[in-house]
Amino acid sequence: MKLTVIDTPGFGDQINNENCWEPIVKYVNEQYEKYLREELHVNRKTRIPDTRVHCCIYFLPATGHRLRPIDVEFMKRLGKIVSIVPVIAKADTLTIEERLEFKERIRQDLLGNGIQVYPQKEYDEDLEVHIINDRIRESIPFAVVGTDKEHQVNGNTVLGRKTKWGIIEVENVAHCEFANLRDLLIRSHLQDLKEVTHNIHYETYRVRRLNESNMNFSEMGLSTRPLENGTADKWESESHL
(Lines give C-alpha, C1' and ligand atoms only; values in the text may rest on other atoms or scores of the structure.)
Protein backbone atom coordinates (compact mmCIF):
# COMPACT_ATOMS: atom_id res chain seq x y z
CA MET A 1 0.00 0.00 0.00
CA LYS A 2 1.29 3.44 -0.94
CA LEU A 3 0.12 5.98 1.61
CA THR A 4 1.01 9.68 1.55
CA VAL A 5 0.62 11.76 4.70
CA ILE A 6 0.68 15.55 4.36
CA ASP A 7 1.30 17.56 7.52
CA THR A 8 0.25 21.18 8.11
CA PRO A 9 2.62 22.46 10.81
CA GLY A 10 1.79 25.86 12.28
CA PHE A 11 -1.90 25.79 11.43
CA GLY A 12 -3.81 27.96 13.89
CA ASP A 13 -0.69 28.99 15.82
CA GLN A 14 -0.64 32.63 14.72
CA ILE A 15 -1.95 35.59 16.71
CA ASN A 16 -4.22 36.43 13.79
CA ASN A 17 -5.65 33.22 12.33
CA GLU A 18 -7.99 34.89 9.88
CA ASN A 19 -8.24 32.80 6.71
CA CYS A 20 -5.49 30.46 7.95
CA TRP A 21 -7.30 27.58 6.24
CA GLU A 22 -6.86 29.07 2.76
CA PRO A 23 -3.47 27.42 1.99
CA ILE A 24 -5.00 24.03 2.82
CA VAL A 25 -8.10 24.68 0.70
CA LYS A 26 -5.83 25.83 -2.10
CA TYR A 27 -3.70 22.71 -1.89
CA VAL A 28 -6.71 20.36 -2.00
CA ASN A 29 -8.14 22.18 -5.02
CA GLU A 30 -4.76 22.19 -6.76
CA GLN A 31 -4.71 18.40 -6.62
CA TYR A 32 -8.19 18.27 -8.16
CA GLU A 33 -7.03 20.66 -10.87
CA LYS A 34 -3.96 18.56 -11.58
CA TYR A 35 -6.10 15.43 -11.93
CA LEU A 36 -8.60 17.27 -14.15
CA ARG A 37 -5.86 18.46 -16.50
CA GLU A 38 -4.54 14.93 -16.85
CA GLU A 39 -8.05 13.62 -17.44
CA LEU A 40 -8.69 16.10 -20.25
CA HIS A 41 -5.51 15.35 -22.19
CA VAL A 42 -6.15 13.79 -25.58
CA ASN A 43 -3.40 11.23 -25.04
CA ARG A 44 -4.00 10.78 -21.37
CA LYS A 45 -2.24 8.15 -19.33
CA THR A 46 -3.87 4.79 -18.78
CA ARG A 47 -3.43 5.30 -15.05
CA ILE A 48 -3.56 8.93 -13.98
CA PRO A 49 -1.32 9.68 -10.97
CA ASP A 50 -3.71 10.38 -8.12
CA THR A 51 -2.45 13.01 -5.69
CA ARG A 52 -5.94 14.02 -4.55
CA VAL A 53 -6.53 14.28 -0.80
CA HIS A 54 -8.88 11.47 0.18
CA CYS A 55 -9.20 12.30 3.87
CA CYS A 56 -8.38 15.13 6.26
CA ILE A 57 -7.70 14.07 9.86
CA TYR A 58 -8.48 17.16 11.91
CA PHE A 59 -6.88 17.17 15.35
CA LEU A 60 -8.79 18.85 18.16
CA PRO A 61 -6.98 19.93 21.35
CA ALA A 62 -8.15 18.06 24.44
CA THR A 63 -9.60 21.15 26.13
CA GLY A 64 -12.65 19.37 27.48
CA HIS A 65 -14.82 22.31 26.40
CA ARG A 66 -16.26 22.78 22.91
CA LEU A 67 -15.13 23.41 19.36
CA ARG A 68 -13.13 26.61 18.96
CA PRO A 69 -14.24 29.17 16.34
CA ILE A 70 -11.23 28.21 14.20
CA ASP A 71 -12.30 24.55 14.32
CA VAL A 72 -15.81 25.43 13.19
CA GLU A 73 -14.66 27.68 10.34
CA PHE A 74 -12.03 25.22 9.11
CA MET A 75 -14.29 22.17 9.06
CA LYS A 76 -17.16 24.11 7.48
CA ARG A 77 -14.95 25.02 4.54
CA LEU A 78 -12.93 21.82 4.21
CA GLY A 79 -15.97 19.59 4.67
CA LYS A 80 -17.26 20.78 1.29
CA ILE A 81 -14.19 19.60 -0.63
CA VAL A 82 -12.71 16.67 1.30
CA SER A 83 -13.78 13.98 3.78
CA ILE A 84 -13.00 15.08 7.35
CA VAL A 85 -12.41 12.78 10.32
CA PRO A 86 -12.12 14.75 13.59
CA VAL A 87 -9.76 13.38 16.24
CA ILE A 88 -9.05 14.40 19.84
CA ALA A 89 -5.29 14.64 20.25
CA LYS A 90 -3.48 13.76 23.50
CA ALA A 91 -6.66 12.22 24.86
CA ASP A 92 -4.74 10.81 27.83
CA THR A 93 -4.92 14.28 29.41
CA LEU A 94 -8.65 13.71 29.97
CA THR A 95 -10.31 11.31 32.38
CA ILE A 96 -12.70 8.75 30.90
CA GLU A 97 -15.69 10.80 32.08
CA GLU A 98 -14.24 14.04 30.70
CA ARG A 99 -13.49 12.34 27.39
CA LEU A 100 -17.05 11.05 26.98
CA GLU A 101 -18.54 14.45 27.83
CA PHE A 102 -16.13 16.23 25.48
CA LYS A 103 -16.95 13.88 22.61
CA GLU A 104 -20.68 14.47 23.12
CA ARG A 105 -20.25 18.26 23.14
CA ILE A 106 -18.21 18.09 19.95
CA ARG A 107 -20.91 16.01 18.24
CA GLN A 108 -23.48 18.60 19.30
CA ASP A 109 -21.32 21.41 17.91
CA LEU A 110 -20.80 19.58 14.62
CA LEU A 111 -24.54 19.09 14.24
CA GLY A 112 -25.40 22.61 15.38
CA ASN A 113 -22.99 24.19 12.89
CA GLY A 114 -24.00 21.97 9.98
CA ILE A 115 -20.51 20.48 9.66
CA GLN A 116 -20.30 17.34 7.54
CA VAL A 117 -17.77 14.77 8.74
CA TYR A 118 -17.04 11.33 7.38
CA PRO A 119 -18.93 9.00 7.05
CA GLN A 120 -21.98 11.02 5.98
CA LYS A 121 -25.41 9.41 6.35
CA GLU A 122 -26.52 10.36 2.83
CA TYR A 123 -23.75 8.20 1.34
CA ASP A 124 -24.80 5.00 3.15
CA GLU A 125 -25.63 2.56 0.38
CA ASP A 126 -27.76 0.05 2.29
CA LEU A 127 -28.98 -0.91 5.76
CA GLU A 128 -25.90 -2.97 6.60
CA VAL A 129 -23.55 -0.11 5.73
CA HIS A 130 -25.82 2.30 7.63
CA ILE A 131 -25.57 0.19 10.80
CA ILE A 132 -21.77 -0.04 10.54
CA ASN A 133 -21.40 3.68 9.87
CA ASP A 134 -23.77 4.58 12.71
CA ARG A 135 -21.37 2.88 15.14
CA ILE A 136 -18.53 4.95 13.71
CA ARG A 137 -20.54 8.17 13.89
CA GLU A 138 -21.30 7.44 17.55
CA SER A 139 -17.54 7.16 18.23
CA ILE A 140 -16.54 10.37 16.43
CA PRO A 141 -14.38 12.20 17.31
CA PHE A 142 -11.85 9.44 17.96
CA ALA A 143 -9.83 10.01 21.13
CA VAL A 144 -6.24 9.03 20.38
CA VAL A 145 -2.84 8.90 22.02
CA GLY A 146 0.32 8.84 19.95
CA THR A 147 3.82 7.58 20.63
CA ASP A 148 6.72 5.77 18.97
CA LYS A 149 8.02 4.22 22.21
CA GLU A 150 7.75 0.51 22.98
CA HIS A 151 7.27 -0.97 26.44
CA GLN A 152 6.92 -4.41 27.96
CA VAL A 153 3.44 -5.23 29.31
CA ASN A 154 2.81 -8.74 30.65
CA GLY A 155 5.65 -10.07 28.54
CA ASN A 156 4.42 -8.39 25.35
CA THR A 157 5.99 -5.47 23.51
CA VAL A 158 3.46 -2.69 23.00
CA LEU A 159 3.43 0.88 21.77
CA GLY A 160 2.52 3.12 24.65
CA ARG A 161 3.06 6.18 26.82
CA LYS A 162 4.57 5.55 30.22
CA THR A 163 3.22 7.60 33.12
CA LYS A 164 3.62 7.30 36.87
CA TRP A 165 0.18 5.64 36.93
CA GLY A 166 1.05 3.01 34.34
CA ILE A 167 1.38 2.53 30.59
CA ILE A 168 -1.23 3.82 28.15
CA GLU A 169 -1.32 1.30 25.32
CA VAL A 170 -1.89 2.97 21.96
CA GLU A 171 -3.47 -0.09 20.33
CA ASN A 172 -5.58 -1.11 23.32
CA VAL A 173 -9.14 0.08 22.62
CA ALA A 174 -9.77 0.22 26.37
CA HIS A 175 -7.10 2.94 26.60
CA CYS A 176 -7.25 4.70 23.25
CA GLU A 177 -9.25 4.74 20.00
CA PHE A 178 -6.24 4.77 17.70
CA ALA A 179 -7.00 1.22 16.52
CA ASN A 180 -10.53 2.27 15.51
CA LEU A 181 -9.16 5.24 13.58
CA ARG A 182 -6.57 3.07 11.83
CA ASP A 183 -9.17 0.48 10.87
CA LEU A 184 -11.45 3.17 9.44
CA LEU A 185 -8.74 4.79 7.33
CA ILE A 186 -6.78 1.87 5.92
CA ARG A 187 -8.95 -1.20 6.38
CA SER A 188 -12.74 -1.05 6.41
CA HIS A 189 -13.32 2.31 4.64
CA LEU A 190 -10.22 2.88 2.52
CA GLN A 191 -11.96 2.19 -0.78
CA ASP A 192 -15.05 4.12 0.24
CA LEU A 193 -12.94 7.19 1.06
CA LYS A 194 -11.44 7.03 -2.43
CA GLU A 195 -14.87 6.63 -4.02
CA VAL A 196 -16.35 9.55 -2.07
CA THR A 197 -13.41 11.69 -3.15
CA HIS A 198 -13.80 10.75 -6.81
CA ASN A 199 -17.59 10.59 -7.12
CA ILE A 200 -18.56 13.45 -4.79
CA HIS A 201 -15.80 15.96 -4.05
CA TYR A 202 -13.81 15.71 -7.27
CA GLU A 203 -16.94 15.52 -9.41
CA THR A 204 -18.29 18.68 -7.76
CA TYR A 205 -15.01 20.46 -8.50
CA ARG A 206 -14.89 19.11 -12.05
CA VAL A 207 -18.43 20.24 -12.91
CA ARG A 208 -17.80 23.69 -11.46
CA ARG A 209 -14.58 24.14 -13.42
CA LEU A 210 -16.09 22.99 -16.70
CA ASN A 211 -19.09 25.25 -16.24
CA GLU A 212 -17.10 28.39 -15.56
CA SER A 213 -17.66 30.99 -18.23
CA ASN A 214 -13.95 31.71 -18.61
CA MET A 215 -13.04 28.07 -19.17
CA ASN A 216 -10.31 27.85 -21.77
CA PHE A 217 -10.07 24.38 -23.27
CA SER A 218 -6.68 25.03 -24.82
CA GLU A 219 -5.41 25.83 -21.33
CA MET A 220 -6.70 22.45 -20.18
CA GLY A 221 -4.51 20.65 -22.73
CA LEU A 222 -7.07 19.83 -25.45
CA SER A 223 -5.41 19.81 -28.86
CA THR A 224 -6.47 19.28 -32.45
CA ARG A 225 -5.89 16.38 -34.81
CA PRO A 226 -5.55 16.40 -38.62
CA LEU A 227 -8.31 14.83 -40.67
CA GLU A 228 -7.79 12.85 -43.87
CA ASN A 229 -8.72 15.84 -46.06
CA GLY A 230 -5.97 17.92 -44.49
CA THR A 231 -8.25 20.04 -42.31
CA ALA A 232 -8.12 20.02 -38.55
CA ASP A 233 -10.84 19.19 -36.13
CA LYS A 234 -10.99 19.20 -32.37
CA TRP A 235 -11.36 16.02 -30.43
CA GLU A 236 -14.90 15.58 -29.28
CA SER A 237 -14.86 17.01 -25.80
CA GLU A 238 -17.75 14.78 -24.74
CA SER A 239 -15.45 11.77 -24.76
CA HIS A 240 -13.26 13.42 -22.13
CA LEU A 241 -15.83 15.12 -19.92
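Student: What is the relative accessible area of Glu212?
Tutor: Glu212 has a relative accessible area of 24%, which makes it partly exposed. Buried means under 20%, exposed means over 50%, and partly exposed lies in between, using a 1.4 Å probe and protein chains only. Keep in mind that this is a predicted model: local features need pLDDT of at least 70, side-chain atom pairs count only at pLDDT 80 or more, and totals for chains, interfaces and linings use all residues. Residues are numbered from 1 along each chain as its sequence is written, and side-chain values use heavy atoms, with hydrogens and water left out.

Student: Which residue forms a salt bridge with Glu212?
Tutor: Arg209 does, and the closest N and O atoms are 2.7 Å apart. A salt bridge here is a side-chain nitrogen of Lys or Arg within 4 Å of a carboxyl oxygen of Asp or Glu. Arg209 counts as buried, at 12% relative accessibility.

Student: How many salt bridges does the structure hold?
Tutor: It holds 18. One of them links Arg206 and Glu203, with the closest N and O atoms 3.0 Å apart.

Student: Where do Arg206 and Glu203 sit?
Tutor: They are 3 residues apart in helix H6 (residues 190–211), so about one helical turn separates them. Arg206 is buried at 10%, while Glu203 is partly exposed at 29%.

Student: New topic. How many helices and strands are in the chain?
Tutor: There are 6 helices and 8 strands. Both are DSSP runs numbered from the N terminus: helices are H or I with at least four residues, strands are E with at least two.

Student: Take H2, then. Which of its residues are buried?
Tutor: H2 covers residues 69–78, and Ile70, Asp71, Val72, Phe74, Met75 and Leu78 are buried there.

Student: What covers them?
Tutor: The cover includes helix H1 (22–40), strand E1 (56–60), strand E2 (84–88) and helix H3 (96–112).

Student: And which residue pairs with Glu73 in a salt bridge?
Tutor: Arg77, with the closest N and O atoms 2.4 Å apart. Both lie in H2, 4 residues apart, about one turn of the helix. Glu73 is partly exposed at 28%. Arg77 is partly exposed too, at 35%.

Student: Now the surface. Which residues make the nonpolar patch?
Tutor: Met1, Leu3 and Val5 make it, and it is about 400 Å². Patch residues have over 30% relative accessible area and no salt bridge; like charges are joined within 9 Å, nonpolar side chains (Val, Leu, Ile, Met, Phe, Trp, Tyr) within 5 Å. Areas come from the Shrake-Rupley method with a 1.4 Å probe, and for residues only the protein chains shown count as cover. Leu3 sits in the segment before H1 and is exposed at 57%.

Student: Which residues form the patch of negative charge?
Tutor: Glu125, Asp126, Glu128 and Glu195. Asp and Glu count as negative, Lys and Arg as positive; His and the chain ends are not counted. Each charge is placed at NZ of Lys, CZ of Arg, CG of Asp or CD of Glu. Glu125 lies in the loop between H3 and helix H4 (127–139), and it is exposed at 64%.

Notes:
Contact means heavy atoms within 4.5 Å.
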